[in-house]
Amino acid sequence: MLRLWRADLHIHTCLSPCAEDEMTPRAIVEQARKKGLDLIAICDHNATENAEAVAAAGRRVGLAVSLGIEITTREEVHILGLFDRPADLENVQEHVYAYLKGENRPDVFGRQVVVNEEGKTLHENERLLIGACDLALDEVVGLIGSHGGCAIASHIDREAFGLIGQLGFVPEMDLDGLEVSPRMTVQEAREKFARGIEIPVIRFSDAHRLNEIGQATTVFEIAAGNVTEVRLALRGAQGRRIVEA
Amino acid sequence: MKLNEVIERLGLAVRTHAEQGESEVTGGYVGDLLSDVIANSQAGSVWVTIQVHPNIVAVAVLKDLAAIVLANGRQPQDETMKKAEEEGVTLATSSLPGFEVAGRLYGMLKAEG
């Protein structure tokens with residue numbers, strides 16, 4: 001049955017070097033519930049190791065959690081990839097790691113903590129997650145699409161690491177959505193960046209700390225809290241739609 | 001060449017850690033893709049960029065760069081200033097475009113041999 005789902009599909013965990021250590025699975029799902037969210041997605045920079053732990057914490061409290069990744073392309077554009085099937089996420093991760101060079105310096109860029117559902121530190125990811133994969137934008141979008149994922153350009157209103165800031169325009173490609181940060185409304189973003197472009201514009205928080213979760217959300221009318229349904233809503237297919245962004 | 005001389009001759013406005021002017025500048029690098037600067041810049045270089053994001057400070061620390069010059073009148077974000085203060089990175093700005101900053105710096109370093 002179709003109903004409204006308030007979604008924030010761009011949340012980082014303590015695995016992202018630039019995110020706070022407080023971004024542990026239980027703390028994230030508790031804060032999301034407090035903010036009245038129905039569906040969230042975990043998208044760490046070039047990495048996925050904490051996504052399943054948050055999904056498990058979400059199941060305990062009845063919060064839908066989708067699996068994702070925020071990939072940095074060769075052009076230093078951030079692209080969100082969202083997936084329903086863990087195997088697809090795993091394959092994408094493997095591909096990304098094959099093209100991501102360098103080692104993290106925790107003292108310089110921040111710690112990259114892999115945790116379990118309880119927030120216990122398992123180990124630290126030693127790759128340079130802040131870096132860029134040696135994959136072009138269209139290759140990354142293609143990679144996500146070929147694994148059944150949803151590809152969304154992150155924070156297009158931000159000068160650094162956004163599609164417009166890095167390229168100056170929205171190229172023609174199979175993007176499912178353009179994300180705007182909490183700083184701007186969808187209407188403003190459309191006027192400024194995406195005139196005449198058919199791709200839906202949505203808003204998520206890009207939370208790096210707990211109090212940022214839910215600062216920007218998109219409400220979908222969908223039948224279940226998963227990526228397949230969100231993709232249908234982004235396309236306006238089978239009665240699914242974006243209600244508010 | 002001392003950083004102080006570079007700052008003076010390029011007419012840079014120093015925003016953080018002016019006291020490091022006695023450090024030696026051994027080269028320069030121009031780039032706005034952080035991953036490129038991480039991969040290809042050399043220690044002791046002055047980095048000319050239009051990126052103002054706080055991560056530029058981390059890159060300068062990682063690569064032991066002599067200073068960051070924001071070209072074309074770009075102003076650092078507050079968070080970038082704060083990080084540069086904390087990390088001991090010299091951050092300067094120029095109203096000149098990157099091409100001119102780099103061209104002048106190249107000429108100065110070449111002339112010195």
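Let's start with strand β2 of chain A, residues 39-45, which pairs with β3(A) in the parallel sense over seven bridges. Two strands pair if DSSP finds at least two bridges between them. Please keep in mind that this is a predicted model, where local features need pLDDT of at least 70 and side-chain atom pairs count only at pLDDT 80 or more, while totals for chains, interfaces and linings use all residues. Residues are numbered from 1 along each chain as its sequence is written, and chains are lettered from A and ligands numbered from 1 in the order in which they are written.

Back to our pair of strands. If you want a place to look, find Leu39(A), which stands opposite Ala64(A) in β3(A). Together with helix α2 of chain A, residues 51-61, β2(A) and β3(A) make a right-handed β-α-β unit. Right-handed here says that, with the strands pointing away from the viewer, the path from the first strand over the helix to the second runs clockwise.

β3(A) has another partner as well: β3(A) and strand β4 of chain A, residues 78-83, pair in the antiparallel sense over six bridges. There, Ile69(A) has Gly81(A) in β4(A) as its bridge partner. The hairpin of β3(A) and β4(A) has five residues between the strands, and in it Glu76(A) takes a positive phi near 60 degrees.

How many of the nine residues of β3(A) are buried? Eight of them are, so this strand, residues 64-72, is largely enclosed by the rest of the structure. A residue is buried if 20 or more other C-beta atoms lie within 10 Å of its own, exposed if 12 or fewer, and partly exposed in between, with C-beta atoms placed from the backbone.

Now for another strand of chain A, β10, residues 218-222. In a regular strand the side chains alternate between the two faces of the sheet. Strand β1 of chain A, residues 3-11, runs antiparallel to β10(A), with five bridges joining them, and Arg3(A) stands opposite Ile222(A). Three bridges join β10(A) to strand β11 of chain A, residues 241-244, again antiparallel, and here Phe220(A) stands opposite Ile242(A).

One loop residue in chain A deserves a look. His155(A) has a phi near 25 degrees, a positive value in a residue other than glycine. His155(A) sits in the loop between β7 (150-153) and α6 (163-167) of chain A, and counts as buried, with 28 C-beta neighbours inside 10 Å.

On to chain B. It has five helices and five strands, in the order α-β-β-α-β-α-β-α-β-α from the N terminus. Its radius of gyration, taken over C-alpha atoms, is 12 Å, close to the 13 Å that the globule rule gives for 113 residues, so chain B is as compact as a globular protein of that length. That rule is 2.2 Å times the number of residues to the power 0.38. Buried residues make up 39% of the 113.

Thr16(B) is in strand β1 of chain B, residues 13-16, and counts as buried with 23 C-beta neighbours inside 10 Å. Leaving aside neighbours within four places in sequence, Thr16(B) is in contact with residues including Met81(B), Val89(B) and Leu91(B). Contact requires C-beta atoms, placed from the backbone, within 7 Å.

Compare Asn72(B): not a glycine, yet its phi is positive, about 65 degrees. Asn72(B) is found in the loop between β4 (67-70) and α4 (78-87) of chain B, and is partly exposed, with 16 other C-beta atoms within 10 Å.

Finally, where do the chains meet? The contact takes ten residues from chain B and nine from chain A. On the chain B side, α3(B) gives the largest share, four residues. That side divides into six nonpolar, four polar and no charged residues, where Ala, Val, Leu, Ile, Met, Phe, Trp, Tyr, Cys and Pro count as nonpolar, Asp, Glu, Lys and Arg as charged, and the others, Gly among them, as polar.

Methods: Helices (H or I, at least four residues) and strands (E, at least two) are DSSP runs, numbered from the N terminus. Two residues are in contact if their C-beta atoms, placed from the backbone, lie within 7 Å.
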